[in-house]
Amino acid sequence: MIDSIAKYVNADANLIRRGRYVATTFLLAIDDTDYLIRIDEGRVGTITPGPFITPNYSFALRASRATWEKFWQPLPPLGFTDVFALIKQKLMRVEGDLHPFMANLLYFKDVIAAPRKESAR
Amino acid sequence: MSPRFEPVTGRYLNTTLLGKPHRLYVEEAGKGIPLLCLHTAGSDTRQYRGLMNDARVTDNFRVIAFDMPWHGKSSPPPGWQEEEYKLTSRDYVRMIVDVADALALDKPVGMGCSIGGRIVLHLAHEHPERFRALIGLESAAHTAPYYDLSWLNRPDVHGGMVSAGVVSGLVAPTAPLAERWETLWHYMQSGPGVFKGDLHFYNIDGDIRDRVDQIDIKRCPLYLLTGEYDYSCTSEATLDIARRTGAPATIMKGLGHFPMSEDPAKFVGYLLPVLEKIRASA
C-alpha cells in the first residue's frame with residue numbers, strides 16, 4: 001500500500017508542480033514499522049522500510065495499521081477523512097520539525113492520501 | 001445580450017464599531033424577513049453566494065451578509081498596523097448588534113457558521129430580544145485547539161496556504177470539487193493573521209460551556225444544523241447544546257464544516273424547513 005504513494009504522486013504532474021519546492025525526508029510509521037520517504041522537487045524518490053538505528057528525517061507521522069487502513073479507504077469513514085481529524089482524536093501523532101509539513105500542507109495531505117487511489121482500483 | 005448579473009447587491013457601509021470608523025462591505029439579495037448571515041473564521045461573505053442565488057430562500061428572506069472588519073473587502077480600522085488582531089466574544093457580539101442597528105434591521109434572523117455558529121449562542125444568551133430567531137451552523141460551545149496556531153502567521157509559511165491546508169479536511173469528501181476549492185480559495189485570500197485572530201475567539205475566548213444552560217429558546221428560537229463530516233464542531237458538541245437548551249438539531253448528511261459554501265444545493269435542502277418554521281411563526 002505504502003509503495004503506491006510513489007506511483008500515484010509521480011504520475012500526478014499537478015501535484016508535483018504544487019510540491020516543487022519540497023525537498024525532505026519524512027517518516028511514516030504503521031504500528032511499529034517505520035518507512036522513510038524521500039521527496040525531491042515534489043517527486044517521491046525512495047521509500048525505505050526500517051528498522052533504522054539512527055533514522056534521519058524532518059517530521060514523522062505515526063498511526064496504527066487499523067487507522068491507516070481506514071484513512072486509505074477510497075471514501076474513509078467519518079473521523080478518518082483527514083490527518084487533522086486523526087490528530088484531534090489522538091489517532092495520529094505528528095512530531096519533529098513540522099516546517100516542511102505545515103509549509104506544504106495541502107501537498108503533503110495529497111501525498112499521504114495517495115494510497116486511496118490504489119484502494120479504489 | 002444583456003449582462004448576466006446575479007440578483008446580489010454589494011455595497012459599502014460607513015459605520016462606527018468599537019469606537020473606530022469602519023468601511024464595511026455588505027451584500028444582500030431577496031426580500032422579506034431579514035436574515036443576517038455570519039461567515040466563518042478567516043473567510044468572507046462569499047460563503048453565502050449559494051443562498052443569495054437561490055430563489056427558494058430569497059423569495060421570502062432578505063439575505064444579508066457582511067465581511068467582518070479585517071475580512072474580505074472590509075479593511076481593518078485605521079491604526080491596524082499597531083496591533084495584533086484578536087477577536088473576542090465581547091467585541092464580536094457588539095459588532096453584530098451594532099451592524100444590525102447600522103443596517104436598520106428590525107428583529108432579523110441571525111445565522112452564523114463555525115465562529116458564527118458559536119456567536120449565535122452568545123447572542124441567544126445576551127441579546128435574545130434582538131433576534132426573531134437564531135440559526136447555528138456547526139455550533140459547539142467550545143473547541144480546544146488541536147494544532148499549534150502559531151503556524152498560521154509566520155513569515156516562513158504562506159498564511160493563506162496553511163490556513164486552507166488546516167481547514168481542507170473539514171470539507172466533506174463528497175462535496176463538489178468546484179465548491180470545495182472555492183471555499184478554500186477564500187481562506188487562501190485571507191489577510192495575515194486574520195484566521196489566527198478569529199481562532200482566539202473560537203479556541204479560547206468564546207468558550208460558552210458554562211452558560212449554555214441559561215439560553216432560553218422561548219425568548220428566541222434557536223435552530224442547530226451541523227454537517228456529519230465536521231470534526232472541529234462535532235455532531236456530539238451540537239447535540240450537547242440541543243440537549244441542554246431544547247433547541248432542535250439536525251445532523252446534515254454529506255456535509256462538513258462549511259455547508260453553505262462547500263455544497264450550497266445540499267445545504268439549502270436542510271435550511272428551507274428551518275426557514276419555513278421561522279416564517280410560519282412570524
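## A tour of chains A and B

Start by selecting Leu35(B), Cys37(B), Val63(B), Val109(B), Leu134(B) and Ile135(B): these have the most contacts inside the largest nonpolar core, which has 111 residues. A nonpolar core here is a set of buried Ala, Val, Leu, Ile, Met, Phe, Trp, Tyr and Cys residues joined through C-beta atoms within 7 Å. Buried means that 20 or more other C-beta atoms lie within 10 Å of a residue's own; exposed means 12 or fewer, and partly exposed is in between, with C-beta atoms placed from the backbone. Helix 4 of chain B, residues 115-126, gives this core its largest share, six residues.

Before moving on, a word on what is on screen. This is a predicted model, in which local features need pLDDT of at least 70 and side-chain atom pairs count only at pLDDT 80 or more, while totals for chains, interfaces and linings use all residues. Residues are numbered from 1 along each chain as its sequence is written, chains are lettered from A and ligands numbered from 1 in the order in which they are written.

**Stop 1**

Setting aside residues up to four places away in sequence, Val63(B) touches Glu28(B), Ala29(B), Gly30(B), Leu35(B), Cys37(B), Tyr48(B), Leu51(B), Met52(B), Val57(B) and Thr58(B). Contact means that the C-beta atoms of two residues, placed from the backbone, lie within 7 Å.

Now select helix 4 of chain B. Its 12 residues reach 16 Å from first C-alpha to last, close to the 16 Å expected at 1.5 Å a residue (the expected span is 1.5 Å times one less than the number of residues). Of the 12 residues in helix 4 of chain B, 10 are buried, so this helix is largely enclosed by the rest of the structure. Colour the buried ones to see this: Ile115(B), Gly116(B), Gly117(B), Arg118(B), Ile119(B), Val120(B), Leu121(B), His122(B), Leu123(B) and Ala124(B).

**Stop 2: the whole of chain B**

Zoom out to chain B, which has 10 helices and eight strands. Helices (H or I, at least four residues) and strands (E, at least two) are DSSP runs, numbered from the N terminus. The radius of gyration of chain B is 17 Å, close to the 19 Å that the globule rule gives for 282 residues, so chain B is as compact as a globular protein of that length. That radius is taken over C-alpha atoms, and the rule is 2.2 Å times the number of residues to the power 0.38. The C-alpha trace of chain B spans about 55 × 50 × 40 Å along its principal axes, and 52% of the 282 residues are buried.

**Stop 3: where the chains meet**

Bring chain A into view. Here 14 residues of chain A are in contact with 16 residues of chain B. On the chain A side, helix 4 (83-88), helix 5 (99-103) and helix 6 (105-112) each supply at least two residues, and helix 4 of chain A gives the most, with four.

Next, select helix 6 of chain A together with helix 5 (residues 159-167) of chain B. These two pack at an angle of about 35 degrees, with their axes 8 Å apart. Axes are lines fitted to C-alpha atoms, for helices over the stretch in contact, and angles run from 0 to 180 degrees between N-to-C directions. Leu105(A), Leu106(A) and Lys109(A) meet Met161(B), Val162(B), Ala164(B), Gly165(B) and Val166(B) across this contact.

**Stop 4: Trp70(B)**

Jump to Trp70(B), in the loop between strand 4 (61-66) and helix 3 (89-102) of chain B. Is Trp70(B) buried or exposed? With 22 other C-beta atoms within 10 Å, Trp70(B) is buried. Beyond its neighbours within four places in sequence, Trp70(B) is in contact with Pro76(B), Tyr85(B), Gly191(B) and Val194(B). Check its backbone too: phi of Trp70(B) is near 80 degrees, a positive value in a residue other than glycine.

**Stop 5: two loops of chain A**

Most residues other than glycine have a negative phi, and most peptide bonds are trans. Asp31(A), in the loop between strand 1 (23-30) and strand 2 (33-40) of chain A, has a positive phi near 55 degrees. Asp31(A) counts as exposed, with 12 C-beta neighbours inside 10 Å.

Finish at Pro51(A), in the loop between strand 3 (43-49) and strand 4 (59-63) of chain A. The peptide bond from Gly50(A) to Pro51(A) is cis, with omega near 5 degrees.
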